[in-house]
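Q: I have a structure open and have not looked at it before. Can we go through it piece by piece?

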Amino acid sequence: MYYWQHNYAETRPDYVATWGSYGQHYYIETLGWSAKQVIVTGWPWIEKEIRQHLGSGKIKQVAHVEGQLLFLSTSTHKSYHYLYETLLEAAKQLHVEIVIRPHGAENMNYLRDLANLVGVNVKIDNSSNILDQIAESDIVIGGATSVLSYAIALSKPCIFLDLLEMRDYKPYAIECAAIGVYNREELIPAIEKLKSDSEVRDRQQKKQKLFTQQYLGELDGKSTERIINFVKREITMQDKLSTDYRKFTTQADILRVDIGCGIHKPKDFIGVDIAPGIGVDIVADLSKEFPFSDSSVDELRAHDIIEHLYDRIYTMNEIWRVCKPGAKVDIRVPSTDGRGAFQDPTHISFWNINSFLYYCSEFPAYIELCRRYGFKGEFKAVKLEHEESPDGVIHVKAELLVVKSVSNLSQNHLPITQEYQQEIQKQFAPEVNVDVQGQEEDIFSKISTYVKQYQQDPTSRTAIANIRQARYQIAQQWLNISDSEIESVYLGYLGKVHQILLNSSIKNEAFTYTEKAFVDEVTAQIYRGFDKPKVIQYILAAMLYSSADQLSLQHDISTIPTWFINDYLKFLFQPQIYFQKLGEAENYYHYMQGWVNYLHTSIFRNQDSPLWHEVVQYFVQIANFIPLYFNEANLKDIYVKRAEILDFFLKINGYQVNYELDDKPLTRKKIRMGILATHFLPSAETFATLPVYEYISRYFEVILYSLNQTGHPLEQYCQSCANSFKLLPQDLAEQANTIRADDLDILFIATNLTAVTNQISLLSMHRLARIQITSGGSVVTTGMQQIDYYISGTHTDPSATSEQQYREKLLKLEGTAHCFSYGNEKENVTVKVDRESLGISKETVIFVSGANFFKIIPELINTWAKIISGVPKSVLVLLPFGPNWSKNYPKKAFVNHLIKVFSKHGIPSEQLIVLDPQPVPNREEVKEYFKIADVYLDSYPFAGTTSLVEPLQVNLPVIARQGTTFRSAMGAAMVQALDVSDLVADSEESYIQLAITLGNNPKLRQQKSAQIKEKCKLILVF
């Protein structure tokens, strides 16, 4: 066993000990280790140092004065001059003392000279104890240094400072255990925020506690003990296996082994299985270690077993390790080319003929790639073929010979004829060969067919395999093209194939180990910098596998060639379909913050540049801001800069954004109010806006403005509540003039202005009325200068500093900001929903959520999995594919992702039911699903509003979690409006505990249901 915390060494160890749960997740998810190989122990060194330091009660005085800052640097930082200068200037402006602890290799005189040049006093100290320095500091500012880990463990306010041209994605900022600062303008606001805002410090401390557990382990003094205990258990187990092994090996000169023998062990074979039984000679868990010494087995049989072992590379390593040179290996495994691989729920690894290429010397490119990821051995292929059983199950028959470097190896080899080698290479030749000239149309047609097959059936293993293969070959083709050829090739057929693959949704599929190796290599080349050769080729290859926020792309488009600039911008601002890994949603916020800052600065520095005019035009068309919703960050700065870019776009295109209205005529008795919306069809926005004007047309003059008119009954009802309805013309300038001509006192904007740049967004950038207002249709600040007010509520924006999140003036109503009306249309129920039809017993506790697909980020599904784990006989039912957000979801890939998360928590897939009823149910039909449930789980950090109305109307207890932003508090606000605040949690831990308590206590559920029913009778709160 190795205590192995770094990248792969030459020899992959049998086990890896890692500090915290993040490391465990990394080794299992990213590097492909089995869960049994990864042991979480904690970090003995930091645990010892910090515990001794805090326990001593002696803190040295390290030049401490009020307002001390501490910067801990590293000599390898690529921008340390710029970084130190930024830090010193910040200290000068803020009038605080700064203590710098440089690396010992750095030039102390240089630092002193720089401090004198800036004109600030600085203490340079690299001799004091680091923990003493941290303890005495008010704020710790660090670069790419593990010393920030010590500060986080000591719960010190932290800033992660990275002024490299390309963002360095360190976990400190991603996990919000430190504020990430990525340009010099951000540093002073970050320091002031930590100094003055206790809420920010408290929130950071909570994140630091979680960070410490995930990255450093429990600091309980038992890390070393955990390592020792594991080693003792492993030695005891190996001793037992060794005894069993010696008993059998002394009985025969030739050792033949049947692993996973079951009851079908051949004569003269030693049977190994995980469970005792007839024919089983050695009981062993083969996922851990094969119970035989190195080079001891003469013949190994593995029929219908390796598909039950998770780690394929580990399995083949063990087979190779225990076998003698020249040993015969006979493998039978269900192939993914048939149904047998997938029909058995106990199959956890998947194989086909091509899988064995990665272990056989006849295919050097494959085996070399496999060795990079830990394969130690080598086999020769004697036979690789398919065998179909009478019941239609296809098996791979793999007969292999073990290759080991010994003197008599050649005597043990069976000959492989040249004819057989040519035949097997022909059999595995790629279906798509992009190097063959003159076949472009055929290649284009084939890949188009593969993509169409995949889009029609995302579960098709054949289609997925074909696209994977095509994608890899296209990526390799990009890497083989010279800089002088790249433009013409991109503008030709290969560029067209590239676009087809980009639009195929294959990125929703998890990487294979081979793909992960390839992507890591490509990403490393991009990280070297945009001034390196073939960087465009590497970017093109990476685009086929990753979204832009997953890559280390420097904030600079000046080196991007003009023929590629539009497609590159599209790539930058086309987000992931959904987040699949912990931390990705938070990471996306930092990614967008960096790019919007860069674009905003560059655009306004180059206002007359045709290039930047083109960039603005394209950014406005393509930028999608929806993924920014799924975090707790203050998005004001991003949206203000986005709005200023939109304003610049309108002005360079000749639009009259500003406009002065005369004073309201004294002769007009009524206030004239306009309602602006894309449409007035059934939707969350229509339901939430209707109460604004439904009953006021006698006192106000209400005019509805819409881009669409359909004659729908709800649209007609909305018109009946207003004084007039106007269908706007198609042209943006004419739309603005139409509204301005009505001389409005107030314009209420009902459509979401913050997701994408739609027509209503551009129209709202204009001054159209004396007062312009929006509310919950836009779940964050619009950032727009022409929007005067944002209407919220005391429950919906609970923070005392919530106005800091808005460019508009914030108006808080008492309670929640949300109110809903559904018109006078009566909906019929045409579906029958009961537990039996869903395969759920009467005794099962049903947790349900109607949260949309996009809201179910990895952190949330992990939270829900913990709840299901805590309630025996429970099930989670989801209805995530509502049409309000999208008409096209990657449904199968998403469900597989959820099942995978549940399996990590030890929860069988039967406890997760994802429904996609067709046709789409109406509101009354949705209630039928909620009526059979016991508890409703609201989403977080993007909470529900309209999705909570139906469960509350059927008196279902709704558990919500209150955040500090409008989007994260709006669900809790609705629950609080019903005066059942004890159903509102303030943290993940309390959310989980509340759900488990309700799940295990039917009387409490009945009590809460009765309270909700009574409140809904007494008052109309929504």
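Q: Start with alanine 177: buried or exposed?
A: Alanine 177 counts as buried, at 0% relative accessibility. Buried means under 20% relative accessible area, exposed means over 50%, and partly exposed is in between (1.4 Å probe, protein chains only).

Q: Before going on, what kind of model is this?
A: This is a predicted model, in which local features need pLDDT of at least 70, side-chain atom pairs count only at pLDDT 80 or more, and totals for chains, interfaces and linings use all residues. Residues are numbered from 1 along each chain as its sequence is written, and side-chain values use heavy atoms, with hydrogens and water left out.

Q: Back to alanine 177. Where does it lie?
A: Alanine 177 is in the loop between helix H7 (171-174) and strand S8 (179-181). Helices (H or I, at least four residues) and strands (E, at least two) are DSSP runs, numbered from the N terminus.

Q: What does alanine 177 touch?
A: Not counting residues up to four places away in sequence, alanine 177 touches Ile152, Cys158, Tyr172, Gln204, Lys207, Gln208 and Phe211. Contact means heavy atoms within 4.5 Å. The C-alpha atoms of alanine 177 and proline 157 are separated by 8.5 Å, and these two residues are 20 apart along the chain.

Q: How many helices and strands does the chain have?
A: The chain has 35 helices and 28 strands. Of its 1022 residues, 54% count as buried.

Q: Another loop, then. Where is serine 546?
A: Serine 546 sits in the loop between helix H20 (535-543) and helix H21 (565-572). Its relative accessible area is 3%, so serine 546 is buried. Leaving aside neighbours within four places in sequence, serine 546 is in contact with Lys507, Phe511, Val519, Leu551 and Phe571.

Q: Now helix packing. At what angle do H16 and H18 pack?
A: Helix H16 (residues 461-479) and helix H18 (residues 493-502) pack at about 140°, with their axes 11 Å apart. Axes are lines fitted to C-alpha atoms, for helices over the stretch in contact, and angles run from 0 to 180 degrees between N-to-C directions.

Q: What is that arrangement called?
A: H16 is oblique to H18. Angles under 35 degrees count as roughly parallel, over 145 as roughly antiparallel, 65 to 115 as roughly perpendicular and the rest as oblique.

Q: Which residues make the contact?
A: H16 contributes Ile467, Ala470, Arg471, Ile474, Gln477 and Trp478, while H18 contributes Leu494, Gly495, Val497, His498 and Leu501. By class, the contact of H16 with H18 has 7 nonpolar, 3 polar and 1 charged residues. Ala, Val, Leu, Ile, Met, Phe, Trp, Tyr, Cys and Pro count as nonpolar, Asp, Glu, Lys and Arg as charged, and the others, Gly among them, as polar.

Q: And where do H22 and H23 meet?
A: Tyr598, Leu599, Ser602 and Ile603 in H22 meet Trp612, Val615, Val616 and Phe619 in H23. By class, the contact of H22 with H23 has 7 nonpolar, 1 polar and no charged residues.

Q: Why is H32 described as largely enclosed?
A: In helix H32 (residues 946-953), 6 of the 8 residues are buried, so the helix is largely enclosed by the rest of the structure. Those buried are Ser947, Leu948, Val949, Glu950, Pro951 and Leu952.

Q: Last topic: how many disulfides are there?
A: A search of the whole structure finds 0 disulfides, a disulfide being a pair of cysteine sulfur atoms within 2.5 Å. For cysteine 721, the nearest cysteine sulfur is that of cysteine 718, 6.5 Å away.
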